[in-house]
Amino acid sequence: MRRWWRAGRNELSSRNLRVPFDRLAVTRGRGCEDHPGNVQLMLTHVIERILQALVVMLVMSALVFVGVYAIGNPIDVLIGPDVSQDIRLETIARYGLDRPLWEQYFTFLGRVLHGDFGRSFVFGMPVLELILSRLPATLELTVAAVVGAALIGIPTGIYAGYRPDSALAKTIMAISILGFSVPTFWIGLVLIMTFAVELQILPAGGRGDTAALFGIEWSFLTANGLSHMLLPAANLAFFKLALMTRLARAGTREVMLSDTVKFARAAGLSEWTVLRRHVLRLISIPLVTVFGLEFASTLAFAVVTETIFSWPGIGKLIIDSIQSLDRPVMVAYLMLVAFVFIMINFVVDLTYFALDPRLRKGRA
Amino acid sequence: MRKDSPAARFWAEFRESKVAVAALAVVVALVGVALLAPLIAPQDPYDLAKLALMDARRPPGYVGSGGYTHWLGTDAQGRDLFSAILYGLRISLQMGLVAGAIAFAVGVTLGISAAYLGGRREAFIMRVIDLQLAFPAILLALVISALLGQGKAQLIAALAAAQYAYFARTAHGAASAERGKDYVEAALSTPLPARQVVWRHILPNCLPPLIVVATVQVANAIALEATLSFLGVGLPVTEPSLGALIANGFQYMLSGRYWISIYPGLALILLIVAINLVGDQVRDQVNPRLKR
Amino acid sequence: MTDAPLLEVTDLSTHFFTRAGVVKAVDGVSFSLRRGEVMGLVGESGSGKSVTGFSIIGLIDPPGRVAAGSVKLEGREITGLPQEELRALRGKTVSMVFQDPLMTLNPVLTIGEQIRLALEAHQRVSAAEARRRAIEGLAQVRIPSPQATVDLYPHQLSGGMRQRVAIAIALLHRPKLIICDEPTTALDVSIQAEILAEMKELVAELGTALIWISHDLATVASIAQHVAVMRLGEIVEAGPMLDVLTRPQHPYTRALLDALPSRAEPGTYLLRGGGVPDAAPPPRLPAAEAEPAGDEAAPYFVLDGVSKRFEARTGALRAMAERLGLAKPPVSVLAVDSVSLTVRRGEALGLVGESGSGKSTLGRMAAGIYAPSAGTVRLSGRPVMSAGETPRKLTTRVQTIFQDPFASLDPRMRIGDSISEGPRAHGLVGKAEAEAYVRDWLGAVGLDPAFAGRYPHQFSGGQRQRVAIARALAMQPDLVICDEPVASLDVSIQAQILNLLMRLRSELGLTLIFISHDLSVVRHLCERVAVMYRGRIVEEGPAAEVYDRPQHDYTKRLLAAVPVLPAAAATGG
């Protein structure tokens with residue numbers, strides 16, 4: 001029972017939209033306490049996932065540490081070539097670089113457990129602080145892109161799947177394949193050229209004015225900030241939009257051919273009811289999956305968009321630190337992305353549990 | 001190919017979609033043009049001796065010092081953009097296809113072995129694959145190529161490492177499904193040697209979904225390579241791929257010299273869209289749920 | 001009440017306009033139905049019986065459409081009505097029940113919600129009213145605890161209960177006509193008997209007319225007053241049920257009846273099985289004797305206390321969590337529970353049981369596909385599978401024929417290669433002789449030897465099953481396990497395959513284990529029968545004895561549930 005969606009999810013992330021729709025689906029958030037044994041089952045599930053997450057984070061930290069620290073020599077970045085041998089040795093000792101790799105790793109791990117990811121070589125400030133200061137910019141961009149893509153993509157996709165042979169549906173699909181294929185950075189270039197260079201109605205980069213909410217600066221709270229956000233968000237949303245549209249279309253097409261829909265029609269249900277009550281619910285599991293996964297991968301793709309639009313988020317930060325070999329920032333960033341991915345997978349899992357009654361046990 | 005074989009039937013169905021056939025023709029044409037680039041291109045863009053700074057950043061239609069018209073203009077180094085695009089196409093395709101092929105071989109072997117081995121070994125292999133899939137390909141490729149440094153082989157390694165997991169996952173899924181089918185049980189009850197069951201029965205029947213993933217992943221690899229080159233961690237500037245050409249032109253875009261970025265971009269998009277259109281048709285054809 | 005027919009179908013033609021040409025699925029069908037009347041629509045697959053049903057209710061999907069003819073419901077022409085007017089009729093005046101309730105009910109909506117949607121399609125109801133009506137409707141179709149059932153999801157119900165829910169939805173608005181398309185085909189015979197009896201009562205009680213579409217003459221006979229027999233889109237014979245089934249006029253109807261094993265003397269060739277091939281199977285190859293014969297004195301084929309437990313696989317982490325008491329171990333299913341069975345050389349043993357009885361799992365253990373969780377399977381005293389971590393099958397003398405010939409042949413392999421690869425892998429034939437060997441076997445199963453180069457998709461279901469038989473027998477087995485080999489075939493094809501199996505068995509001196517849910521097929525083919533129920537064998541003995549004097553309660557219930565045809569008058573039997 002659990003295998004299919006696992007497969008489906010991973011295929012999705014490979015842009016391969018073959019999700020098993022025939023027996024998939026959802027119901028509105030009916031609690032798990034309806035049937036005896038569900039709470040226990042849920043708890044088992046949660047514990048299993050937490051254990052898994054811990055192991056994954058541990059493995060990730062080791063890989064990232066070995067990958068980033070063991071290759072190359074950080075000392076060359078830390079100090080200039082013309083420094084005396086004494087200072088050089090002292091610096092090596094201060095950073096613990098003369099210790100065996102495993103010892104360095106455990107020292108690192110111990111510090112991480114206390115929330116200390118070290119200091120950025122370039123900015124000279126604690127890495128955690130640095131990343132947290134950049135995170136809101138990326139978050140607001142990502143949320144705007146993914147939510148916007150879902151709001152537009154899902155209805156369009158359902159329409160295209162409901163009337164697959166109509167001219168409008170074919171146009172939608174043609175556009176979506178374009179959105180699916182054109183590299184994000186190129187769309188960014190075209191957007192800048194069109195709206196910033198030619199028409200000169202939107203700014204080409206930067207975050208614009210921000211306003212504080214809960215002590216954090218946000219762009220979406222000011223008109224100027226919003227105008228700065230529009231292009232990068234659209235750029236980031238373009239691929240997601242195509243993905244959501246195609247997914248919703250594929251699901252709708254398959255569900256429309258199913259006996260469930262035929263039976264509903266035979267019972268006299270109107271097309272609107274069929275779409276709203278049957279189709280939408282049946283296709284929402286893969287949609288929830290993509291929504292979650294795309295949210296996470298958008299964080300990663302923000303690297304490209306933020307570079308093009310000089311958006312000061314964590315994507316821009318990681319590119320800069322890769323170029324300047326700022327290793328503590330790279331490690332912390334990769335661990336953060338891994339953590340976010342695990343959390344989102346976890347939430348998606350729990351959503352499934354709430355959405356698909358078949359994952360819950362209990363037979364009358 | 002006999003006309004009644006499954007492959008022939010597949011082709012007959014494929015041929016019914018005019019768009020897909022046209023897309024396939026475009027792919028074939030682009031591959032052909034890329035292969036023949038040295039013959040077609042008016043200029044060898046790698047030959048620095050032939051480049052003149054006075055020809056740099058000239059608009060389309062400019063007649064340069066070489067005596068011929070630069071129909072698509074020239075880039076910042078004074079290269080004929082049309083020639084540069086042909087050669088860039090060559091590199092992009094090479095990267096995409098080689099990385100795709102390596103990822104395919106590694107991934108499919110892993111995925112099918114896992115499905116066949118079963119038990120703890122299967123669980124272990126697939127856990128590792130899942131772990132990797134939980135990480136966005138672009139970040140992985142970015143980090144790996146940053147670590148390995150610039151160069152074709154390094155880039156191919158980064159692309160393949162970022163992509164093999166998708167093949168492994170798909171191959172594993174398809175092989176697990178096939179393993180439970182009656183014809184595999186029939187082969188097991190004959191009994192046929194395990195190796196024969198895997199290579200002669202399971203693998204051929206896993207090919208359709210793998211072909212779909214392969215088309216998508218080759219397109220992805222090309223786009224990914226372009227993105228990495230754009231971000232400056234891909235290929236060296238001396239041998240620019242399409243992505244590097246676009247990146248090189250980016251800085252001139254704000255000053256209105258659009259052609260340096262736009263034309264290589266159009267070539268890239270044409271290639272990727274065409275591959276994806278072919279993949280789309282194949283996907284529809286191999287999806288049993290749309291067959292009624 | 002007038003005497004005018006409720007439904008009048010005249011010259012109905014439904015065609016499918018495909019790229020390959022026009023398929024005339026229904027081609028000039030006429031019949032009429034009075035109020036409260038029950039009509040059976042019988043035919044083999046592809047006869048157009050389902051399409052007729054969907055045409056009446058106006059649910060033909062493109063590229064199909066009603067090309068000609070008229071359908072009058074209560075005197076009103078309904079072909080060509082606008083979609084909205086048709087929709088107003090559906091569920092209200094005429095409704096439909098489909099074959100597989102698992103596919104028709106929405107898996108993520110509760111039964112109550114699905115009923116409410118069907119109610120709201122034709123009237124405004126409050127939530128409380130909808131719930132009351134839902135409970136009422138479920139009670140009407142004899143669902144034991146309707147108050148609890150409304151809040152359940154389809155997967156929480158058994159197949160029979162799900163189909164009752166579908167019937168409840170169809171009956172919700174007291175329609176004048178219900179069309180049931182193979183409603184009991186996916187169900188076990190005992191559930192089928194219940195549904196048939198209930199449906200008969202319900203339509204009588206409500207005065208609803210019923211069109212019962214089925215491939216099975218016996219179920220139709222037990223519910224319908226009138227029968228129409230369809231073939232290739234046309235009705236070849238129609239009339240009162242007793243007349244059609246006891247004094248069939250059309251040769252096709254007679255052929256259908258003659259093909260039924262229940263009307264023939266056990267062990268004889270079926271009348272309409274026809275086409276018994278002349279070619280004898282190739283002689284036994286010397287290489288086939290290479291395998292050591294085993295102990296002649298030991299009982300021939302023995303299943304010794306075999307069990308099969310299916311367990312969900314767990315990872316190391318999960319196992320750790322279980323040990324710490326943080327997680328519950330997954331549920332395991334004991335599909336076969338210490339079954340012991342002995343088969344004598346040359347005997348045909350029938351293994352009957354309903355779905356989930358474990359008969360297929362037992363068959364797969366006997367065939368060396370699954371390793372038993374406990375117990376052993378021995379042929380002439382030698383184990384069929386090796387022990388250890390990765391068990392392998394050790395013998396080629398036990399071969400298998402599977403249920404679905406569409407699934408059991410590798411779709412990407414020419415059938416000649418499918419037949420020869422086993423014998424070649426085991427050195428029965430060399431590369432040079434393989435081609436001739438395949439041709440011999442194709443001839444022996446009644447296929448043109450020239451077909452060896454074709455792919456499975458180029459064959460019909462019956463032909464594929466012949467290929468599957470040739471593949472199994474080309475391994476020169478002594479014992480053949482047949483797992484529902486005729487279950488997915490039409491009756492006329494079923495008769496051919498049964499005849500072929502009987503002939504090959506006698507010519508080759510084969511021992512058979514024949515697994516089937518169809519009691520009449522087993523009765524026809526097997527001398528001995530074992531009845532399986534919930535993973536155990538509850539009764540075993542000579543077929544005649546078990547069928548005539550069943551001892552175990554379950555066997556009695558099973559036999560009583562089988563629908564029977566009225567005794568034939570004209571065709572004998």
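Helices here are DSSP runs of H or I with at least four residues, strands are DSSP runs of E with at least two, and both are numbered from the N terminus. With that in hand, chain B reads α-α-α-β-β-α-α-α-α-α-α-α-α along the sequence, giving 11 helices and 2 strands.

This is a predicted model, in which local features need pLDDT of at least 70 and side-chain atom pairs count only at pLDDT 80 or more, while totals for chains, interfaces and linings use all residues. Residues are numbered from 1 along each chain as its sequence is written, and chains are lettered from A and ligands numbered from 1 in the order in which they are written.

Of the 292 residues in chain B, 54% are buried, where buried means 20 or more other C-beta atoms, placed from the backbone, within 10 Å of the residue's own.

Now for the meeting of the two chains. Residues are in contact if their C-beta atoms, placed from the backbone, lie within 7 Å. Chain B brings 48 residues to this contact and chain A brings 43. On the side of chain B that touches chain A, H9(B) gives the largest share, 11 residues. The table sorts that side by class; Ala, Val, Leu, Ile, Met, Phe, Trp, Tyr, Cys and Pro count as nonpolar, Asp, Glu, Lys and Arg as charged, and the others, Gly among them, as polar.

| Class, chain B side | Count |
|---|---|
| nonpolar | 33 residues |
| polar | 9 residues |

Over in chain A, have a look at helix H9(A): 29 of its 34 residues are buried.

Methods. Buried ≥ 20, exposed ≤ 12 C-beta atoms within 10 Å, placed from the backbone. Contact = placed C-beta atoms within 7 Å.
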